[in-house]
Amino acid sequence: MPAFAPIAIIVVIFIFWVLSCIKVIPEYERAVIFTLGHLNPQPKGPGLVLIFAPLQRVVRVSLQQEAMEVPPQDIITRDNVTLKVNAVIFLRVIDPNRAIVQVSNYRYQTSQFAQTTLRSVLGEVDLDELLAHREKINLRLQSILDQHTDPWGVKVTSVEVKQVDLPESMQRAMAKQAEADREKRSKIIHAEGEFAAAQRLTEAAHLLSTEPASMQLRYLQTLTEIGVEKNTTVIFPVPVDMLQGIQQIINKAVTKP
């Protein structure tokens, strides 16, 4: 064995030790450093960070926003409707030291709080309110979760109720209600159309009665339309004045004692 072999081994070990003391922290991470088990006041990074191993230990914490799925929860609403509801949470670490020291696993703890909060909040609302005011419920969930996670240095930026699974009986009832509402709106629109048409016809009748010339024009227009059609009916145009004269004669004969 060469005499310089021990020195070479020591040099190699020293090189590996130096390399283990060099940490490169990317922009989206921070290095939480413990020195002899004590937490350093400020996290390090981004960039090159030197530590004195093994007396110092590094824990990397991501500052990126994370999306966390909340498993489907069995919910009983205030009006006693059983549902399955899941949600998604968006969170990020704002204080790496507290996220490591104050809680053992901030993702797991946040998920557990989200499940219990989801059941609690949705149990206080009716089904109609859940379906109609989802945005308001999302804000309330976000506010409650953020209060819980703030001591850990974790910010819950948003909560979204993702899917609401209704029982089949409730789905059929809602489908019937929706169909009845559509039929109701259809009838109302049809009635409004009939009313508007009747109003226009009444106005047209008043206008024709006040303008005899317009009556004559309308009469001639009708004869023209009938003559254009291919039919076997023979039309003899009779002046309207003649009809009015005949009607006056009949009226006088009827009223004459």
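Helix axes are taken here as lines fitted to C-alpha atoms over the stretch in contact, with angles between N-to-C directions running from 0 to 180 degrees. The structure described is a predicted model. In it, the axes of helix 3 (residues 106-122) and helix 5 (residues 134-149) come within 10 Å and cross at roughly 140°. The two helices are therefore oblique to each other, and helix 3 passes helix 5 in a right-handed crossing. On the side of helix 3, the contact is made by Thr110, Phe113, Ala114, Thr117, Leu118, Val121 and Leu122; on the side of helix 5, Ile137, Arg140, Leu141, Ile144, Leu145, His148 and Thr149 take part. Of the residues in this contact, nine are nonpolar, four are polar and one is charged.

Leucine 141, a residue of helix 5, is buried, with a relative accessible area of 2%. Apart from its neighbours within four places in sequence, leucine 141 is in contact with Thr117, Leu118, Val121, Val159 and Val161. The C-alpha atom of leucine 141 is separated by 9.7 Å from that of isoleucine 89, a residue 52 places away along the chain.

The count of salt bridges comes to eleven. In one of them, glutamate 29 pairs with arginine 60, and the closest N and O atoms are 3.2 Å apart. Because glutamate 29 belongs to strand 2 (residues 29-35) and arginine 60 to strand 5 (residues 56-62), this pair ties together parts that are 31 residues apart in sequence. Glutamate 29 has a relative accessible area of 15% and is buried, whereas arginine 60, with 41%, is partly exposed.

Another salt bridge is formed by the side chains of arginine 78 and glutamate 129, at 4.0 Å from N to O. Here too distant parts of the chain are linked: arginine 78 is in the loop between strand 6 (66-76) and strand 7 (82-93), glutamate 129 is in helix 4 (residues 127-132), and the two are 51 residues apart. Glutamate 129 counts as partly exposed, at 23% relative accessibility.

Glutamate 124 forms a salt bridge with arginine 140, with 2.7 Å between the closest N and O atoms. Glutamate 124 lies in the loop between helix 3 and helix 4 and arginine 140 in helix 5, so placed that the pair links distant parts of the chain, 16 residues apart. Both residues are partly exposed: glutamate 124 has a relative accessible area of 37%, and arginine 140 has a relative accessibility of 38%. Through salt bridges that share partners, Arg78, Asp126 and Glu129 are joined into one network.

Several features of the backbone are found in loops. A cis peptide bond, with omega about 0°, joins glycine 45 and proline 46. Proline 46 is placed in the loop between strand 3 (38-39) and strand 4 (47-50). Alanine 53 and proline 54 are also joined by a cis peptide bond, again with omega about 0°, and proline 54 lies in the loop between strand 4 and strand 5.

Positive phi values in residues other than glycine occur at leucine 36, where phi is near 50°, and at asparagine 80, where phi is near 60°. Leucine 36 is in the loop between strand 2 and strand 3 and counts as exposed, at 62% relative accessibility. Asparagine 80 is in the loop between strand 6 and strand 7 and, at 65% relative accessibility, also counts as exposed.

Notes
Residues are numbered from 1 along each chain as its sequence is written. This is a predicted model: local features need pLDDT of at least 70, side-chain atom pairs count only at pLDDT 80 or more; totals for chains, interfaces and linings use all residues. Side-chain values use heavy atoms; hydrogens and water are left out. Helices (H or I, at least four residues) and strands (E, at least two) are DSSP runs, numbered from the N terminus. Angles under 35 degrees count as roughly parallel, over 145 as roughly antiparallel, 65 to 115 as roughly perpendicular and the rest as oblique. A crossing is left-handed if the near helix is turned anticlockwise from the far one by less than a right angle, and right-handed if clockwise. Contact means heavy atoms within 4.5 Å. Ala, Val, Leu, Ile, Met, Phe, Trp, Tyr, Cys and Pro count as nonpolar, Asp, Glu, Lys and Arg as charged, and the others, Gly among them, as polar. Buried means under 20% relative accessible area, exposed over 50%, partly exposed in between (1.4 Å probe, protein chains only).
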